Amino acid sequence: MIYIIVAFLVAFGMSFTSDLLGPKAPGGLKRTTYESGIIPEAPVGYFSVRFYRVAMFFMIFDVAVMALYPWAISLTSLHQAGFVKALIFLVVVALAFAYVWNKGGFQWD
């Protein structure tokens, strides 16, 4: 509990300190997008989220697969009950993956 309290205090302290002590010079150049150093020709009003959608799906399924690592290490000590629980978990992840694939969540266009 002490660790959580200290972590929140440090996070909020750094946030407020940077806001109070940081430079405050908003301008036109600071409000433009910076991707590769090239100044954009037109203002950006619409931002495509295709890449971020695919990245979020990757993270979700990647974390789900990483959750199987402890199960694979301790498979011999879990016996049949542990195997059944992991199998149910795999079926749920596979159904979610199939649903996202069927809805076109992994397509770029």
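These legends go with several close-up views of one predicted protein model.

Residues are numbered from 1 along each chain as its sequence is written. In this predicted model, local features need pLDDT of at least 70 and side-chain atom pairs count only at pLDDT 80 or more, while totals for chains, interfaces and linings use all residues, and side-chain values use heavy atoms, with hydrogens and water left out.

View 1. Helices here are DSSP runs (H or I, at least four residues) and strands are runs of E (at least two), numbered from the N terminus. Going from the N terminus, the order is α-α-α-α. Of the 109 residues, 9% count as buried; buried means under 20% relative accessible area, exposed means over 50%, and partly exposed is in between (1.4 Å probe, protein chains only). The accessible surface (Shrake-Rupley method, 1.4 Å probe) comes to about 9,900 Å², and 73% of that belongs to carbon and sulfur atoms.

**View 2. Helix 2 has a buried side and a side turned away from it.** Its buried residues are Val 54, Phe 61 and Ala 64. They sit on the same side of helix 2, because they cover an arc of only 90° around the axis (the arc is taken from the directions from the helix axis to the C-beta atoms). Why can residues some places apart point the same way? An α-helix has 3.6 residues a turn, so residues three or four places apart do just that. On the face turned away, look for the exposed residues Phe 51, Met 56, Val 63 and Met 66. Helix 3 (68–73) and helix 4 (75–102) are among what covers the buried residues, where contact means heavy atoms within 4.5 Å.

View 3. Most residues other than glycine have a negative phi. Is His 79 buried or exposed? With a relative accessible area of 59%, His 79 is exposed.

**View 4. Val 84 of helix 4 is part of a nonpolar surface patch.** The patch is about 760 Å², and its members include Leu 75, Phe 83, Val 84 and Leu 95. Patch residues have over 30% relative accessible area and no salt bridge, and nonpolar side chains (Val, Leu, Ile, Met, Phe, Trp, Tyr) are joined within 5 Å, like charges within 9 Å. A salt bridge is a side-chain nitrogen of Lys or Arg within 4 Å of a carboxyl oxygen of Asp or Glu. Val 84 itself counts as partly exposed, at 37% relative accessibility.
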